[in-house]
Amino acid sequence: MSSTTSQATKNPGLGKILREDIRRGDFFRTIKRDSREVREFFLDDERKQRLARMRRIKRWFYTVWWLLKTLFLKLTPTRRLLVVIGLAMLIFANSVHYQDKNDRVQIQTNDLALVGGAVLLFVLMLELKDKLIARDELEAGRAIQAELMPDPSPAVPGWSLWLFTRTANEVGGDLVDFLPLGERRFGITLADVAGKGLKAALLTAKLQATLRALAPDTSMLATLGARVNHIFCRDGIRSMFASFVYIEMISEIGKIRLLNAGHLPPLILRGEKIEELPKGDPAIGLKESVEYHEREETIAPGEIVVVYSDGLTDAKNERDEFYGIQRVRQVLSSARDLSAPEIGERIVRDVDGFIGEARIFDDLSVVILKRE
(Lines give C-alpha, C1' and ligand atoms only; values in the text may rest on other atoms or scores of the structure.)
Protein backbone atom coordinates (compact mmCIF):
# COMPACT_ATOMS: atom_id res chain seq x y z
CA MET A 1 0.00 0.00 0.00
CA SER A 2 1.38 3.41 -0.97
CA SER A 3 1.93 6.14 1.62
CA THR A 4 -0.78 8.27 -0.06
CA THR A 5 -3.35 5.49 0.22
CA SER A 6 -2.36 4.80 3.83
CA GLN A 7 -2.70 8.48 4.72
CA ALA A 8 -6.14 8.65 3.10
CA THR A 9 -7.23 5.63 5.15
CA LYS A 10 -6.09 7.23 8.38
CA ASN A 11 -7.55 10.64 7.52
CA PRO A 12 -10.74 10.19 5.47
CA GLY A 13 -12.24 13.23 3.81
CA LEU A 14 -14.88 15.34 5.51
CA GLY A 15 -17.42 14.47 2.82
CA LYS A 16 -16.90 10.74 3.35
CA ILE A 17 -17.31 11.10 7.11
CA LEU A 18 -20.58 13.04 6.70
CA ARG A 19 -21.95 10.47 4.24
CA GLU A 20 -21.18 7.68 6.70
CA ASP A 21 -22.86 9.66 9.47
CA ILE A 22 -26.01 10.03 7.34
CA ARG A 23 -26.03 6.33 6.42
CA ARG A 24 -26.05 5.35 10.10
CA GLY A 25 -29.74 6.24 10.20
CA ASP A 26 -29.87 6.87 13.95
CA PHE A 27 -29.77 10.69 13.92
CA PHE A 28 -33.12 11.39 15.58
CA ARG A 29 -32.84 8.48 17.98
CA THR A 30 -29.41 9.70 19.09
CA ILE A 31 -30.66 13.29 19.49
CA LYS A 32 -33.53 12.04 21.67
CA ARG A 33 -31.21 9.95 23.83
CA ASP A 34 -28.61 12.74 24.14
CA SER A 35 -31.29 15.28 25.09
CA ARG A 36 -32.51 12.99 27.84
CA GLU A 37 -28.96 12.47 29.13
CA VAL A 38 -28.31 16.24 29.14
CA ARG A 39 -31.39 16.81 31.30
CA GLU A 40 -30.39 14.00 33.63
CA PHE A 41 -26.88 15.38 34.04
CA PHE A 42 -27.50 19.12 34.36
CA LEU A 43 -30.85 19.28 36.17
CA ASP A 44 -31.16 18.40 39.85
CA ASP A 45 -34.14 16.55 41.34
CA GLU A 46 -35.83 19.75 42.56
CA ARG A 47 -35.87 21.28 39.08
CA LYS A 48 -37.07 18.03 37.52
CA GLN A 49 -40.01 17.99 39.93
CA ARG A 50 -40.85 21.62 39.14
CA LEU A 51 -40.72 20.90 35.40
CA ALA A 52 -43.08 17.96 35.81
CA ARG A 53 -45.76 20.32 37.17
CA MET A 54 -45.49 22.82 34.28
CA ARG A 55 -47.37 22.94 31.01
CA ARG A 56 -45.51 21.86 27.90
CA ILE A 57 -44.55 25.29 26.46
CA LYS A 58 -43.58 26.72 29.84
CA ARG A 59 -41.63 23.55 30.62
CA TRP A 60 -39.70 23.86 27.36
CA PHE A 61 -38.62 27.46 28.05
CA TYR A 62 -37.62 26.71 31.63
CA THR A 63 -35.69 23.61 30.54
CA VAL A 64 -33.69 25.57 27.95
CA TRP A 65 -33.00 28.41 30.40
CA TRP A 66 -31.88 26.15 33.25
CA LEU A 67 -29.68 24.07 30.95
CA LEU A 68 -27.97 27.15 29.49
CA LYS A 69 -27.52 28.70 32.92
CA THR A 70 -26.04 25.52 34.42
CA LEU A 71 -23.74 25.05 31.45
CA PHE A 72 -22.60 28.69 31.66
CA LEU A 73 -21.81 28.43 35.37
CA LYS A 74 -19.73 25.29 34.84
CA LEU A 75 -17.32 27.18 32.57
CA THR A 76 -14.12 28.69 33.96
CA PRO A 77 -14.25 32.47 34.71
CA THR A 78 -12.21 33.35 31.60
CA ARG A 79 -14.39 31.24 29.35
CA ARG A 80 -17.57 32.72 30.83
CA LEU A 81 -16.30 36.20 29.94
CA LEU A 82 -15.44 35.04 26.42
CA VAL A 83 -18.96 33.69 25.99
CA VAL A 84 -20.44 37.02 27.11
CA ILE A 85 -18.17 38.91 24.70
CA GLY A 86 -19.00 36.56 21.83
CA LEU A 87 -22.75 36.79 22.45
CA ALA A 88 -22.58 40.60 22.71
CA MET A 89 -20.83 40.77 19.34
CA LEU A 90 -23.52 38.59 17.77
CA ILE A 91 -26.37 40.61 19.28
CA PHE A 92 -25.05 44.08 18.42
CA ALA A 93 -23.47 43.19 15.07
CA ASN A 94 -26.04 45.11 12.99
CA SER A 95 -27.05 47.84 15.43
CA VAL A 96 -23.91 50.04 15.54
CA HIS A 97 -22.47 52.19 12.76
CA TYR A 98 -19.98 55.03 13.08
CA GLN A 99 -18.46 57.33 10.43
CA ASP A 100 -16.62 60.62 11.11
CA LYS A 101 -17.28 63.83 9.14
CA ASN A 102 -14.32 63.41 6.76
CA ASP A 103 -14.92 59.74 6.07
CA ARG A 104 -11.51 59.02 7.46
CA VAL A 105 -12.72 56.61 10.14
CA GLN A 106 -15.50 54.11 9.56
CA ILE A 107 -16.63 51.44 11.97
CA GLN A 108 -18.91 48.84 10.50
CA THR A 109 -20.09 46.23 12.99
CA ASN A 110 -21.44 43.82 10.41
CA ASP A 111 -18.22 41.85 10.74
CA LEU A 112 -18.61 41.60 14.50
CA ALA A 113 -20.90 38.63 13.97
CA LEU A 114 -18.00 36.71 12.47
CA VAL A 115 -15.72 37.72 15.33
CA GLY A 116 -18.36 36.79 17.90
CA GLY A 117 -18.89 33.42 16.26
CA ALA A 118 -15.13 32.87 16.24
CA VAL A 119 -14.96 33.67 19.98
CA LEU A 120 -17.73 31.17 20.77
CA LEU A 121 -16.07 28.58 18.55
CA PHE A 122 -12.80 29.16 20.43
CA VAL A 123 -14.54 28.46 23.76
CA LEU A 124 -16.07 25.31 22.26
CA MET A 125 -12.64 24.17 21.09
CA LEU A 126 -11.20 24.72 24.58
CA GLU A 127 -13.98 22.66 26.15
CA LEU A 128 -13.52 19.91 23.55
CA LYS A 129 -9.78 19.90 24.18
CA ASP A 130 -10.36 19.37 27.91
CA LYS A 131 -12.79 16.56 27.20
CA LEU A 132 -10.42 14.79 24.80
CA ILE A 133 -7.54 14.98 27.28
CA ALA A 134 -9.75 13.59 30.06
CA ARG A 135 -11.06 10.88 27.75
CA ASP A 136 -7.55 9.78 26.78
CA GLU A 137 -6.60 9.50 30.44
CA LEU A 138 -9.77 7.56 31.25
CA GLU A 139 -9.23 5.23 28.30
CA ALA A 140 -5.75 4.51 29.64
CA GLY A 141 -7.33 3.71 33.01
CA ARG A 142 -9.91 1.51 31.30
CA ALA A 143 -7.13 -0.41 29.53
CA ILE A 144 -5.38 -1.03 32.86
CA GLN A 145 -8.62 -2.23 34.45
CA ALA A 146 -9.13 -4.61 31.53
CA GLU A 147 -5.62 -5.99 32.00
CA LEU A 148 -6.34 -6.65 35.68
CA MET A 149 -9.59 -8.45 34.87
CA PRO A 150 -9.22 -12.25 35.20
CA ASP A 151 -10.10 -14.85 32.59
CA PRO A 152 -13.92 -14.86 32.28
CA SER A 153 -14.01 -18.68 32.60
CA PRO A 154 -11.09 -19.81 34.78
CA ALA A 155 -10.52 -23.54 35.02
CA VAL A 156 -11.36 -25.10 38.38
CA PRO A 157 -11.81 -28.89 38.37
CA GLY A 158 -15.36 -29.84 39.29
CA TRP A 159 -16.76 -26.36 38.64
CA SER A 160 -17.99 -24.23 35.77
CA LEU A 161 -17.25 -20.52 36.34
CA TRP A 162 -18.17 -17.27 34.64
CA LEU A 163 -16.89 -13.85 35.71
CA PHE A 164 -18.24 -10.69 34.09
CA THR A 165 -18.09 -6.95 34.66
CA ARG A 166 -19.04 -4.02 32.42
CA THR A 167 -18.51 -0.38 33.30
CA ALA A 168 -21.12 2.31 32.74
CA ASN A 169 -18.42 4.91 32.02
CA GLU A 170 -14.84 4.73 30.82
CA VAL A 171 -13.70 3.34 34.18
CA GLY A 172 -15.79 1.62 36.79
CA GLY A 173 -16.17 1.00 40.49
CA ASP A 174 -17.01 -2.71 40.32
CA LEU A 175 -14.37 -5.36 40.94
CA VAL A 176 -14.49 -8.96 39.77
CA ASP A 177 -11.38 -10.99 40.55
CA PHE A 178 -10.16 -14.58 40.59
CA LEU A 179 -7.21 -15.51 42.78
CA PRO A 180 -5.46 -18.91 42.88
CA LEU A 181 -4.49 -19.40 46.53
CA GLY A 182 -2.74 -22.74 46.25
CA GLU A 183 -2.79 -26.01 44.36
CA ARG A 184 -6.55 -26.59 44.87
CA ARG A 185 -7.71 -23.44 46.70
CA PHE A 186 -9.26 -20.49 44.85
CA GLY A 187 -10.75 -17.14 45.80
CA ILE A 188 -13.40 -15.16 43.91
CA THR A 189 -14.35 -11.54 44.63
CA LEU A 190 -17.21 -9.35 43.48
CA ALA A 191 -17.11 -5.85 44.94
CA ASP A 192 -18.95 -2.59 44.42
CA VAL A 193 -17.29 0.67 45.47
CA ALA A 194 -19.61 3.56 46.31
CA GLY A 195 -19.71 6.17 43.57
CA LYS A 196 -18.68 6.11 39.94
CA GLY A 197 -15.88 7.20 37.66
CA LEU A 198 -12.22 7.69 38.41
CA LYS A 199 -12.55 8.08 42.18
CA ALA A 200 -14.35 4.75 42.50
CA ALA A 201 -11.93 3.10 40.07
CA LEU A 202 -8.92 4.11 42.19
CA LEU A 203 -10.53 2.68 45.31
CA THR A 204 -11.37 -0.50 43.38
CA ALA A 205 -7.69 -0.95 42.51
CA LYS A 206 -6.81 -0.49 46.20
CA LEU A 207 -9.36 -3.11 47.23
CA GLN A 208 -8.08 -5.59 44.67
CA ALA A 209 -4.47 -5.12 45.79
CA THR A 210 -5.46 -5.45 49.46
CA LEU A 211 -7.40 -8.67 48.93
CA ARG A 212 -4.66 -10.20 46.80
CA ALA A 213 -2.09 -9.39 49.48
CA LEU A 214 -4.08 -10.66 52.46
CA ALA A 215 -6.15 -13.59 51.15
CA PRO A 216 -3.36 -16.15 50.52
CA ASP A 217 -2.16 -16.00 54.13
CA THR A 218 -5.54 -15.60 55.86
CA SER A 219 -7.36 -18.85 56.53
CA MET A 220 -10.38 -17.38 58.35
CA LEU A 221 -12.65 -15.22 56.19
CA ALA A 222 -13.91 -13.32 59.21
CA THR A 223 -10.33 -12.27 59.90
CA LEU A 224 -9.89 -11.31 56.24
CA GLY A 225 -12.93 -9.03 56.40
CA ALA A 226 -11.72 -7.37 59.60
CA ARG A 227 -8.25 -6.72 58.16
CA VAL A 228 -9.57 -5.28 54.91
CA ASN A 229 -12.00 -3.08 56.83
CA HIS A 230 -9.20 -1.85 59.12
CA ILE A 231 -7.08 -0.83 56.14
CA PHE A 232 -9.96 0.99 54.46
CA CYS A 233 -10.94 2.81 57.65
CA ARG A 234 -7.31 3.78 58.23
CA ASP A 235 -6.51 4.91 54.69
CA GLY A 236 -9.96 5.55 53.26
CA ILE A 237 -11.71 8.72 52.15
CA ARG A 238 -14.64 10.08 54.10
CA SER A 239 -18.00 8.89 52.71
CA MET A 240 -16.24 6.32 50.50
CA PHE A 241 -16.93 2.66 51.23
CA ALA A 242 -17.22 -0.65 49.43
CA SER A 243 -19.34 -3.77 49.61
CA PHE A 244 -18.05 -7.13 48.49
CA VAL A 245 -18.63 -10.86 48.50
CA TYR A 246 -15.59 -13.08 48.82
CA ILE A 247 -15.94 -16.80 48.04
CA GLU A 248 -13.28 -19.40 48.73
CA MET A 249 -13.58 -22.77 47.06
CA ILE A 250 -11.58 -25.98 46.79
CA SER A 251 -11.57 -27.80 43.49
CA GLU A 252 -13.60 -31.02 43.25
CA ILE A 253 -15.17 -30.38 46.66
CA GLY A 254 -18.76 -29.16 46.90
CA LYS A 255 -18.28 -26.78 49.81
CA ILE A 256 -17.65 -23.07 49.56
CA ARG A 257 -17.01 -20.43 52.23
CA LEU A 258 -18.44 -16.94 51.83
CA LEU A 259 -17.87 -13.55 53.36
CA ASN A 260 -20.49 -10.89 52.62
CA ALA A 261 -19.51 -7.35 53.60
CA GLY A 262 -22.56 -5.20 52.95
CA HIS A 263 -23.29 -6.63 49.50
CA LEU A 264 -26.50 -7.95 47.95
CA PRO A 265 -27.20 -11.52 49.13
CA PRO A 266 -26.00 -14.17 46.67
CA LEU A 267 -28.50 -16.56 45.13
CA ILE A 268 -28.24 -20.36 45.09
CA LEU A 269 -30.27 -22.30 42.56
CA ARG A 270 -31.12 -25.67 44.12
CA GLY A 271 -33.30 -27.79 41.86
CA GLU A 272 -36.54 -25.89 41.28
CA LYS A 273 -35.95 -23.46 44.14
CA ILE A 274 -33.87 -20.27 44.25
CA GLU A 275 -32.49 -19.60 47.72
CA GLU A 276 -31.39 -16.13 48.77
CA LEU A 277 -28.63 -16.19 51.36
CA PRO A 278 -28.99 -14.08 54.51
CA LYS A 279 -27.92 -10.45 54.51
CA GLY A 280 -24.24 -9.98 55.28
CA ASP A 281 -22.22 -7.77 57.61
CA PRO A 282 -21.60 -4.01 57.16
CA ALA A 283 -19.65 -2.72 54.16
CA ILE A 284 -15.96 -1.98 54.63
CA GLY A 285 -14.78 1.54 55.31
CA LEU A 286 -17.84 2.64 57.30
CA LYS A 287 -16.59 2.12 60.83
CA GLU A 288 -13.60 0.51 62.50
CA SER A 289 -15.18 -1.81 65.05
CA VAL A 290 -17.08 -4.36 62.93
CA GLU A 291 -17.26 -8.09 63.48
CA TYR A 292 -17.42 -10.16 60.30
CA HIS A 293 -18.66 -13.72 59.88
CA GLU A 294 -18.05 -16.39 57.30
CA ARG A 295 -20.69 -18.75 56.02
CA GLU A 296 -20.25 -22.25 54.63
CA GLU A 297 -22.50 -23.70 51.96
CA THR A 298 -22.64 -27.17 50.44
CA ILE A 299 -23.21 -27.05 46.69
CA ALA A 300 -24.50 -30.28 45.15
CA PRO A 301 -23.78 -31.21 41.51
CA GLY A 302 -25.94 -29.10 39.18
CA GLU A 303 -26.53 -26.36 41.76
CA ILE A 304 -25.61 -22.78 40.88
CA VAL A 305 -24.32 -19.83 42.91
CA VAL A 306 -24.95 -16.33 41.54
CA VAL A 307 -23.36 -13.13 42.88
CA TYR A 308 -24.24 -9.82 41.25
CA SER A 309 -23.96 -6.06 41.67
CA ASP A 310 -26.90 -3.67 41.88
CA GLY A 311 -26.11 -2.60 38.32
CA LEU A 312 -28.04 -5.72 37.28
CA THR A 313 -31.25 -5.34 39.28
CA ASP A 314 -31.23 -1.52 39.12
CA ALA A 315 -30.80 -1.37 35.33
CA LYS A 316 -33.52 0.89 33.88
CA ASN A 317 -35.20 1.10 30.50
CA GLU A 318 -36.48 4.22 28.75
CA ARG A 319 -39.67 4.13 30.84
CA ASP A 320 -37.60 4.27 34.06
CA GLU A 321 -38.60 0.72 34.97
CA PHE A 322 -36.11 -1.38 36.93
CA TYR A 323 -34.94 -4.77 35.70
CA GLY A 324 -35.45 -6.16 39.20
CA ILE A 325 -34.60 -9.39 40.97
CA GLN A 326 -37.70 -11.17 39.65
CA ARG A 327 -36.40 -11.05 36.07
CA VAL A 328 -33.06 -12.42 37.28
CA ARG A 329 -34.89 -15.32 38.90
CA GLN A 330 -36.88 -16.01 35.73
CA VAL A 331 -33.74 -16.19 33.59
CA LEU A 332 -32.02 -18.47 36.10
CA SER A 333 -35.01 -20.81 36.25
CA SER A 334 -35.06 -21.15 32.46
CA ALA A 335 -31.30 -21.68 32.16
CA ARG A 336 -30.61 -24.12 34.98
CA ASP A 337 -29.34 -26.82 32.59
CA LEU A 338 -26.78 -24.59 30.88
CA SER A 339 -23.13 -24.05 31.79
CA ALA A 340 -22.07 -21.05 33.86
CA PRO A 341 -20.87 -19.02 30.83
CA GLU A 342 -24.10 -19.77 28.94
CA ILE A 343 -26.21 -18.72 31.92
CA GLY A 344 -24.25 -15.51 32.34
CA GLU A 345 -24.47 -14.60 28.68
CA ARG A 346 -28.22 -15.21 28.71
CA ILE A 347 -28.62 -12.87 31.70
CA VAL A 348 -26.60 -10.12 29.98
CA ARG A 349 -28.55 -10.49 26.73
CA ASP A 350 -31.82 -10.29 28.63
CA VAL A 351 -30.88 -7.15 30.58
CA ASP A 352 -29.52 -5.49 27.42
CA GLY A 353 -32.79 -6.19 25.64
CA PHE A 354 -34.66 -4.72 28.60
CA ILE A 355 -32.53 -1.56 28.69
CA GLY A 356 -32.86 -0.91 24.96
CA GLU A 357 -31.73 2.61 24.02
CA ALA A 358 -31.65 3.88 27.61
CA ARG A 359 -28.36 5.08 29.01
CA ILE A 360 -26.51 2.73 31.38
CA PHE A 361 -25.99 4.51 34.70
CA ASP A 362 -24.27 1.85 36.80
CA ASP A 363 -21.61 -0.81 36.40
CA LEU A 364 -22.91 -4.33 35.91
CA SER A 365 -21.10 -7.35 37.36
CA VAL A 366 -22.08 -11.01 37.63
CA VAL A 367 -20.27 -14.08 38.97
CA ILE A 368 -21.71 -17.56 38.39
CA LEU A 369 -20.42 -20.81 39.91
CA LYS A 370 -21.95 -24.13 38.88
CA ARG A 371 -20.97 -27.42 40.46
CA GLU A 372 -20.41 -30.05 37.79
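**Ground rules.** I number residues from 1 along each chain as its sequence is written, and I leave out hydrogens and water, using heavy atoms for side-chain values. Since the model is predicted, local features need pLDDT of at least 70 and side-chain atom pairs count only at pLDDT 80 or more, while totals for chains, interfaces and linings use all residues.

**Entry: the surface of α5.** I started with Leu68, which lies in helix α5 (residues 56–73). Helices here are DSSP runs of H or I with at least four residues, strands are E runs of at least two, and both are numbered from the N terminus. Is Leu68 buried or exposed? Leu68 is exposed, because its relative accessible area is 52%. (Buried is under 20%, exposed over 50%, partly exposed in between, with a 1.4 Å probe and protein chains only.) Leu68 also belongs to a nonpolar surface patch of about 560 Å², together with Ile57, Trp60, Phe61 and Val64. (For a patch, residues need over 30% relative accessible area and no salt bridge; nonpolar side chains, meaning Val, Leu, Ile, Met, Phe, Trp and Tyr, are joined within 5 Å, like charges within 9 Å.) Areas come from the Shrake-Rupley method with a 1.4 Å probe, and for residues only the protein chains shown count as cover.

Trp66 sits in helix α5 too, but Trp66 is buried at 6% relative accessibility. I also checked Trp66 against Ile188: they are 122 residues apart in sequence and 46 Å apart in space, C-alpha to C-alpha.

**Entry: rings.** How many aromatic pairs does a search of the whole structure find? I got six. (Rings of Phe, Tyr and Trp, the last by its six-membered ring, pair if their centres lie within 6.5 Å; planes under 30 degrees apart are stacked, over 60 edge-to-face, the rest tilted.) One of them is Phe41 with Phe42, edge-to-face at 5.0 Å centre to centre and 90° between the planes. Phe41 is exposed, at 61% relative accessible area. Trp60 and Phe61 make an edge-to-face pair as well, because their planes are at 85°, with centres 5.1 Å apart. Both Trp60 and Phe61 are exposed.

Entry: Next I looked at strand β4 (residues 174–180): six of its seven residues are buried, so β4 is largely enclosed by the rest of the structure. β4 runs antiparallel to strand β5 (residues 185–193), and seven bridges join them. (Two strands pair if DSSP finds at least two bridges between them.) Four residues lie between the strands of this hairpin. Leu179 has Gly187 in β5 as its bridge partner.

**Entry: salt bridges.** I count a salt bridge when a side-chain nitrogen of Lys or Arg is within 4 Å of a carboxyl oxygen of Asp or Glu. That gives 20. Arg79 meets Glu127 at 2.7 Å, N to O. This pair links distant parts of the chain, 48 residues apart: Glu127 in helix α7 (residues 112–148) and Arg79 in helix α6 (residues 77–91). Arg79 also meets Asp130 at 2.7 Å, N to O. Arg79 is buried at 11%, whereas Asp130 is partly exposed at 31%.

**Entry: Lys206.** Which residue's ring lies under the charged end of Lys206? It is Phe232, with the charge 5.9 Å from the ring centre. (The cut-offs are NZ of Lys or CZ of Arg within 6 Å of the centre and within 35 degrees of the ring normal.) Lys206 also forms a salt bridge with Asp235, their closest N and O atoms being 3.5 Å apart.
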